[in-house]
Amino acid sequence: MKDNHPLVSIVTPSYNQAQFIRQTIDSVLKQSYPFVEYWVIDGGSTDGTQDILREYEKDPRFHWLSEKDEGQADAVNKGWRLSKGEVLGWLNSDDLYTPGAIQSAVKELLSHPETVFVYSDIEIVDENGEHPQHYRGGQACASDQMLLACSIPQQSVFLTRESFEKTGGLRVDLHYVLDQELWLRVLQSGTAVYVPHKVWAKQRVHSSAKTQAEWHRLHTEWWKIVNENLANENIPAPIREEAIRRASLNNFVVNLYKGNYVEGSQSLNLALSGGYPFGNISDSVRYTTYAVRHWCGKERAGELLAKFAREVEESQDVGLLPIVGLLNSYN
């Protein structure tokens, strides 16, 4: 940081979120830290969002534009490029900052001038902002990020402008793992600082939320990222190999959900090649059954796993018989 009071630029990408965006805006503009610049980049909403944005135009910290864009990544990149702050934040139009979040983040950045970004825990709330669940992060490095071993909550990240400019920002070809892929690139050139026991943001989870509604596309995109990094010498070879195994395990869950049992068998065989994901069969099975139940529902998970077991038994795929038996016993 160049001084003790850096300008913090927050960007909110928006599209037809009139139901939530007023609360999002207020959570930014009511922060105690005075040196804030706020941009809302709207993709051409038709639900009354623009009328709400006009209500805030008298606040000199607030800026907005509305035009067709190429998606969330394009909107965030656009906002960050239009802004002038040394510190950058990204808050989606259905999420919230907690009181004092920006002040706390700036303090941590000033205490760690070498860092590329700082982040904290978050709370996950329902569409009414209620029933909070505490989501704990953890200190992450590039290897952890390649494995998605410690998912970094995008809502709580405060990034240096230098890091954004060095990496070129978010990839517009990604729609579900755009944040995690950016952290992977940024962490290859610097160290992030996780701040425990702090909650800087709230993520609102609802039925129309993109990740919740289309979770399988998230895993498909991360499979692409892992494969793109298979020759990345900045990441140790054992980590790259483990990343393929774990991504293949997630591909198995996606194929199971879609009823693609042949492709599911191929994904599971790949996950088990060269060793078990997570180091052993027990943790591999525990992760897989949790993922199937989480994404498909407990009852549906049982049906899918039982059907897959029958398919494997009929095909006599001896490499999969041991783990399929355990999958059913854990289910």
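What percentage of the 331 residues in the chain is made up of buried residues? Buried residues account for 51% of the 331, where buried means under 20% relative accessible area, exposed means over 50% and partly exposed lies in between, computed with a 1.4 Å probe on protein chains only. The structure is a predicted model, in which local features need pLDDT of at least 70 and side-chain atom pairs count only at pLDDT 80 or more, while totals for chains, interfaces and linings use all residues. Residues are numbered from 1 along each chain as its sequence is written, and side-chain values use heavy atoms, with hydrogens and water left out.

The overall fold is described first. The chain contains 14 helices and nine strands; helices (H or I, at least four residues) and strands (E, at least two) are DSSP runs, numbered from the N terminus. The radius of gyration of the chain is 21 Å, close to the 20 Å that the globule rule gives for 331 residues, so the chain is as compact as a globular protein of that length. This radius is taken over C-alpha atoms, and the globule rule is 2.2 Å times the number of residues to the power 0.38. Along its principal axes, the C-alpha trace spans about 70 × 40 × 35 Å. Contact means heavy atoms within 4.5 Å. Among contacts between residues at least 6 apart in sequence, 78% join residues at least 24 apart.

Helix α7 (residues 178–187) is mostly covered, with nine of its ten residues buried. Its buried residues include the charged-type side chains Asp179 and Glu181, along with Leu178, Trp183 and Val186. Helix α9 (residues 215–228) has 14 residues and reaches 21 Å from its first C-alpha to its last, close to the 20 Å expected at 1.5 Å a residue. The expected span is 1.5 Å times one less than the number of residues. The buried residues of α9 are Trp215, His216, Leu218, His219, Glu221, Trp222, Ile225 and Val226.

A search of the whole structure finds one cavity of 30 Å³ or more, and the largest cavity has a volume of about 30 Å³. On a 1 Å grid over the protein atoms alone, a cavity is a set of points where a 1.4 Å probe fits but cannot get out, and lining residues have an atom within 4 Å of a point. Grid points are joined across faces, edges and corners, and the volume is the space filled by probe spheres set on the points. The lining of the largest cavity consists of Leu148, His219, Trp222, Trp223, Ala247 and Asn250. The elements that give two or more residues to this lining are α9 and α10 (237–258), and the largest share, three residues, comes from α9. By class, the lining has four nonpolar, two polar and no charged residues. In this scheme Ala, Val, Leu, Ile, Met, Phe, Trp, Tyr, Cys and Pro count as nonpolar, Asp, Glu, Lys and Arg as charged, and the others, Gly among them, as polar.

Ser248 lies in helix α10 and is buried, with a relative accessible area of 1%. Not counting residues up to four places away in sequence, Ser248 touches Trp223, Ser267, Leu270 and Ala271.

Gln203 lies in β9 and is partly exposed, with a relative accessible area of 25%. Leaving aside neighbours within four places in sequence, Gln203 is in contact with Asp95, Ile122, Glu123, Ile124, Val125 and Gln155. Gln203 and Val226 are 23 residues apart in sequence and 26 Å apart in space, C-alpha to C-alpha. His197 is also found in β9, and is exposed, with a relative accessible area of 76%.

The backbone of His197 deserves attention. Most residues other than glycine have a negative phi. His197, although not a glycine, has a positive phi of about 65 degrees. Phe278 likewise has a positive phi of about 65 degrees without being a glycine. Phe278 is found in the loop between α11 (261–272) and α12 (281–296) and, at 26% relative accessibility, counts as partly exposed.

Note on methods. On a 1 Å grid over the protein atoms alone, a cavity is a set of points where a 1.4 Å probe fits but cannot get out, and a pocket is an open set with protein on both sides within 12 Å along at least five of seven lines; lining residues have an atom within 4 Å of a point.
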